[in-house]
Structures are given as C-alpha cells and as structure tokens.
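Let's take a friendly tour of the pockets in this protein. Have a look at the structure first, and then we can go through them in turn.

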Amino acid sequence: MRSRPSVLFFDVNETLLDLQPVKDSVAQALEGQRELVPLWFTTMLQYALVGTVSDQFRDFGSIGVASMQLVAHKNKMELSEADAREALKPMTSLNAYPEVAEALHQLQKSGFTLVALTNSSRYAMESQLTYAKLSPYFDQCLSVEDIGFYKPHQHVYRWAAYQLDTQVNDCMMVAAHGWDVAGAHWAGMQTAFIEREGQTKYPLAPDTDLSARDMAELSRQLNN
C-alpha cells in the first residue's frame, strides 16, 4: 500500500453481494446450462464496453438482457426479452456476504470515507444496498449512469475521485474483479482485490496494493 487512502470505493456485485441467486436464475433461463452463466457475464461486460467506446451508453440491466438473449441465440435457444428480464429480477434482492457488514462497520469506525461505485443503475444500486442492509455504511453511492462510461474506463475512477473532492491517488478501489482493479490502478488509484471464488487478477496488470480472502481480512489489513 503506497499510503493510507482516505476514500475507499467499493464495487457492489460479487465484491459485497453474493450473486448466486442471479446465477441460478440465469442458468434456468438458459435451459439449465450453468456453464453458460460466466459467458453471459463476460458478454454483458463486453457489450457495456462496446457501448462505452462507441459513445452509445445503455443501462446495465438492458445490456444484461440483450447479452442473455445473445448467448441463448448462439446456443440455439429461444429466449424472449420478457423471460430474460424475469431472470434478472433477483439482482435487486441479493444478500451480502456474511462478513461484509461488520467489515464495513469497522472501516467506518476507523474514519475511512466509504463509497459504492457500480456499473449498475442508481435505482438498482440503491435497491440492492437497501435490501442487503448496507446503505448506512456508505457516505455516497455512485453509478456510472451519471457519467455515461462503464468501468474500467479510466474516466470513471477519476470522475469518482472528483465527486469526493479528493486526489485519485488518495483513493482505493476495492473489487473482486481483475478488470476493475486493473482499470483503477491505471487511472491512478490504489487497489485492493477481494479473492472471491472463481475470480482472478489480470496477469498483464500491475499487482494490487492489497489482496484479501474477504472483506474481514481487508479491514484488518487497512486498520493495521
């Protein structure tokens, strides 16, 4: 860690919230083919970035629906837009991982400014954090829909730091996705990787400042 950051930005999905109900629902929509769920997620990210570089921003939920239909079509399945939207309904009623609330509480007590920073819409983010009972821990909640770029575009991280009136190198991005911490590092932020199951760092990116098995371990590292 270069220096103790003052602002901690947190990715929401998979970093703080357990996406398993969504994965189960998407798998069911894709005729039970669970192996297609990671493909759906990476396709969703791919087309979010296609929209970003093409200056054609669409909300993440709509991209998720379209990406599910794309994966279904490639695998010779029929999936309507309505059924794809139905499969994504669990997204706003996810539970936090067991250690998350206490870890955020400890970081809050230690004086860090805590901010949610997500690719989801503001409505989805606020619904998620309210359902998971995490809203009280955050000083601010930022959605990329307010800037029209998706993470990991560098503009997002620099814009987020500007919203907190702080220098980008005085911020830390906390995420369970290698692409997210890579983008944050290249934008000038400090980074912390949460080692959720199935997630890895990007080998061509510089290593993160911190790496932890879960949020509890990250809290201990930051408070040492």
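How much space lies in the largest pocket? About 590 Å³.

## Ground rules

This is a predicted model, in which local features need pLDDT of at least 70 and side-chain atom pairs count only at pLDDT 80 or more, while totals for chains, interfaces and linings use all residues. Residues are numbered from 1 along each chain as its sequence is written, and side-chain values use heavy atoms, with hydrogens and water left out.

On a 1 Å grid over the protein atoms alone, a pocket is an open set of points where a 1.4 Å probe fits, with protein on both sides within 12 Å along at least five of seven lines; lining residues have an atom within 4 Å of a point. Points are joined across faces, edges and corners, and a volume is the space filled by probe spheres set on them.

## The largest pocket

Its lining has 25 residues, and Glu 14, Lys 23, Glu 197, Gly 198 and Gln 199 lie nearest the centre. Two or more lining residues come from each of the helices H1 (20-29), H2 (37-53) and H8 (178-187); helices here are DSSP runs (H or I, at least four residues), numbered from the N terminus. H2 gives the largest share, six residues.

## The second largest pocket

Here the space is about 360 Å³. Of the 20 lining residues, Gly 61, Leu 88, Met 91, Thr 92 and Ala 124 lie nearest the centre. H2 contributes at least two, as do H3 (60-74) and H6 (122-131), with H3 supplying the largest share, five residues.
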